[in-house]
Structure formats: structure tokens, C-alpha cells
Amino acid sequence: MSNMTGMAQTVLGPIPINQLGITLMHEHLLLDLDCYFDEPEAASEKKFIDASLEFNLLGKYGTRWSYNRDGLRLDDIELSINEAQEFKFAGGSTIVDTTSRGIGRDPSGLAKIARATGLNVIMGSGYYVPMSHPADINDKTTDQITDEIVQDITVGVNDTDIKSGIIGEIGNFFPMDSVQKNILIASAHASIETGASISIHPGNDDRSPYEIVTLLAKEGVGESKIIIGHLSIAFEDRSLLKDLAETGCFLEYDHFGSFEDSSSAYRGITDLIKNDISQIETIEFLVANGYGDQVLIAHDVCYKPHYKQYGGKGFDYIITGIIPRLLKRGFSNKDINMMLVDNPAKAVAFY
């Protein structure tokens, strides 16, 4: 992949990283999260299973998101085009779609969205969290998984010639089991072979991100090729966050506008996701301590209620809603450009 040095690989082909512009580093344009479906036990709750996600259901959705199949699926290409165009109209240029194997990755669909909107779309590779893994995942060797990822990046996904441009999102739970460790090691080997970066969905524990970076680095991956996503979930302890930042990995705050509902829960576990102001305050801390050139931001649009059509903030919220707040809090245009243009370009560049 030496001919890809300094380039980004989109679903429509490679482009120089200076053409990426404003970039969202962790989104989902097409997705199927049936792996999270959790059938309710109570008879009165079962009506939500196959209900269409319409206006009268939205107010009841927060604690029931895993009960409703419709809300877990982003499967309408035309609707995705309409939603993505809002980002384009606001001045956005690139979306990194971190949908990996097992959750509805759709290379042809992403290519259609890229052509229709004029956006650069970068597609993911690898495996998501354990409940989305195929039945034979325990039988796959490190080399087999490595080869799968390398083929996605160098040849194309499945029977298409549409290539992935990033490894991830690679899903993890805490504590890590042997299968997840195997997938991480394979991702490391594929990164070294291809020059692609790795985007991580860490476990919901302050110790998980550092453990993952340590493992990947031990396999030979440069820390600047590692993107630790979902940092808005954990890290109550800022000293541990500084330890992670000191490794040199990218630090991704990717839940802007997506999970403001504090009632969100899954199988009795209340989400730890921070709201927008908490994410902004943590980014202020990182910038003040000299880690601004490692910060990435996004929304992680992954349920229908995240779409504007269904009352959500959509893909343009960072541009239209968060940037004005950052400017009021003293962030400079240079700071914002660093997080939305410069850092993403480095993060997705092949080497």
C-alpha cells in the first residue's frame, strides 16, 4: 500500500488527505443493530417490538430503544442521503462510516450515498462487539481475520471492488476475552500490512482504552494509528485520561447530540455517556494540557431517533450547534479546524 502514502481511501477511490475538509470520524450511514435487540418480558411492552418509529413513540423510546426493531435499523438509502446532505449543506465534506462486519455494512449503499451527496465516505472493516460476531468466530485464526481485513482494504469488500479505508470500529467489552483479543491482534497485523488506522469501540471502563492501546502497540502499531472512540462513555478519572493521551493515540469524543437522553439504558445498565457540555469540558481540559492535536469529534449517528426526520440532531449538529458553543467558550478557529480538519486527515491517512 506504499502508493497510498498521504492518501485517504474512500468508497469511490483514494483521494489526497488535503481534500477531506471537515470530517466526522465516527458515524453510521447504513446500519443494522439487531444484535442489540432485547425482547421485553412484560406483555404490555411487546407492542414496541414491531411498532413503526413514529412521532407518538419517540417520547417512549429512551428506555425501550433495544425493544424496537425499526429504530435499530438505518436501512433506507434515500433517507440516509437526505440526512447526509444536511451535513454537506452545512459545509461538511467527509464522513467516516465505522460500520464493520455483522452490523449491516453496505459498500454499494455507501457508494450510492457518496455519489448522490458529493461527500467523501470512508468505510470500515473488521468486527464489532461480541453479540454481532458470526457463529464461527471462535474457529477463526488471527491470520484468517487479518487476511479478511487486508482484503477489504486492498481488494474490496465481499464481491465488490469497493474498499475499506479504516479498520473498525473494532468492538470490545471489558474485561476482554480471548476472541476480542484475537480480533485486536489481527487488526494490528492488518494495520501494519496496509497502513490503515484502527478505530476502537472500547469497553465501558476507564481501564479498557489503555489496555487496548498497550496491546496494539505491543504488536507493532504506532500509537498515532490508533483511534480510541467513545471516550464520552468512560473516564471519570482525568489522571487516567492523561495517561491515555500520553500514549499519543487519537482521542475521540463522538456522541455529540446522540445520547442526550439520560434515561437510556440496556439490560438494566444505565448508560455512562456524557452530555454535550461534559464532552466540551473534557475537550477543554485536553486542549489546555497540550493534547488538542489528538482530539477527534463526531455524533455516532446509529439509531433512527438520531436522524432529523425522527427528531434527532442529525449529521450537521457539530457544525450548526457545537461549533458556535465552542467559539463562545474561547476556542479559536484554529482549534476547531484542528479537530475537524487537520486531526481527521492525519487519522485516516495511509502511511
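This is a predicted model: local features need pLDDT of at least 70, side-chain atom pairs count only at pLDDT 80 or more; totals for chains, interfaces and linings use all residues.
View 1. A disulfide is a covalent bond between the sulfur atoms of two cysteines. When the whole structure is searched for such bonds, zero disulfides are found.

View 2. The structure holds four aromatic pairs. In one of these, the ring centres of Y36 and W65 are 5.8 Å apart and the ring planes stand at 65°, so the pair is edge-to-face. This pair links distant parts of the chain, since Y36 belongs to the loop between strand 4 (31–32) and helix 1 (55–58), while W65 belongs to the loop between helix 1 and strand 5 (73–74), 29 residues apart. Y36 counts as buried at 9% relative accessibility, and W65 is also buried, with a relative accessible area of 6%. Together with Y128 and Y303, the residues Y36 and W65 form one aromatic cluster.

**View 3. The aromatic pair of W65 and Y303.** W65, which is buried with a relative accessible area of 6%, forms a tilted aromatic pair with Y303, in which the distance from centre to centre is 5.2 Å and the angle between the planes is 40°. Because W65 lies in the loop between helix 1 and strand 5, whereas Y303 lies in the loop between strand 14 (295–297) and helix 9 (317–328), the pair ties together parts that are 238 residues apart in sequence. Y303 is buried, and its relative accessible area is 9%.

**View 4. Arginine side chains placed over phenylalanine rings.** The charged end of R69 sits over the ring of F37, at 3.7 Å from the centre of that ring. In a second example, the charged end of R238 sits over the ring of F285, at 4.7 Å from the ring centre.

**View 5. The open sheet with strand order 3-6-7.** Three strands make up this open sheet, and their pairing is parallel. Strand 3 (23–27) and strand 7 (120–123) are the edge strands, each of which pairs on one side only. Neighbouring strands of the sheet are turned against each other by 20° on average, with direction ignored. Strand 6 (residues 94–97) pairs with strand 7 in the parallel sense over four bridges, and D97 has M123 in strand 7 as its bridge partner.

View 6. Which residues cover the two faces of strand 11 (residues 250–253)? On one side are F250 and E252, on the other are L251 and Y253, and these residues are all buried, so that both faces of the strand are covered. Strand 10 (residues 226–228) pairs with strand 11 in the parallel sense over two bridges, and I227 stands opposite F250 of strand 11. Strand 11 also pairs with strand 14 in the parallel sense, over three bridges, where the bridge partner of L251 is V295 in strand 14.

Definitions and conventions. Residues are numbered from 1 along each chain as its sequence is written. Side-chain values use heavy atoms; hydrogens and water are left out. Rings of Phe, Tyr and Trp (its six-membered ring) pair if their centres lie within 6.5 Å; planes under 30 degrees apart count as stacked, over 60 as edge-to-face and the rest as tilted. Buried means under 20% relative accessible area, exposed over 50%, partly exposed in between (1.4 Å probe, protein chains only). A charge sits over a ring if NZ of Lys or CZ of Arg is within 6 Å of the ring centre and within 35 degrees of the ring normal. Two strands pair if DSSP finds at least two bridges between them. Axes are lines fitted to C-alpha atoms, for helices over the stretch in contact, and angles run from 0 to 180 degrees between N-to-C directions. A disulfide is a pair of cysteine sulfur atoms within 2.5 Å.
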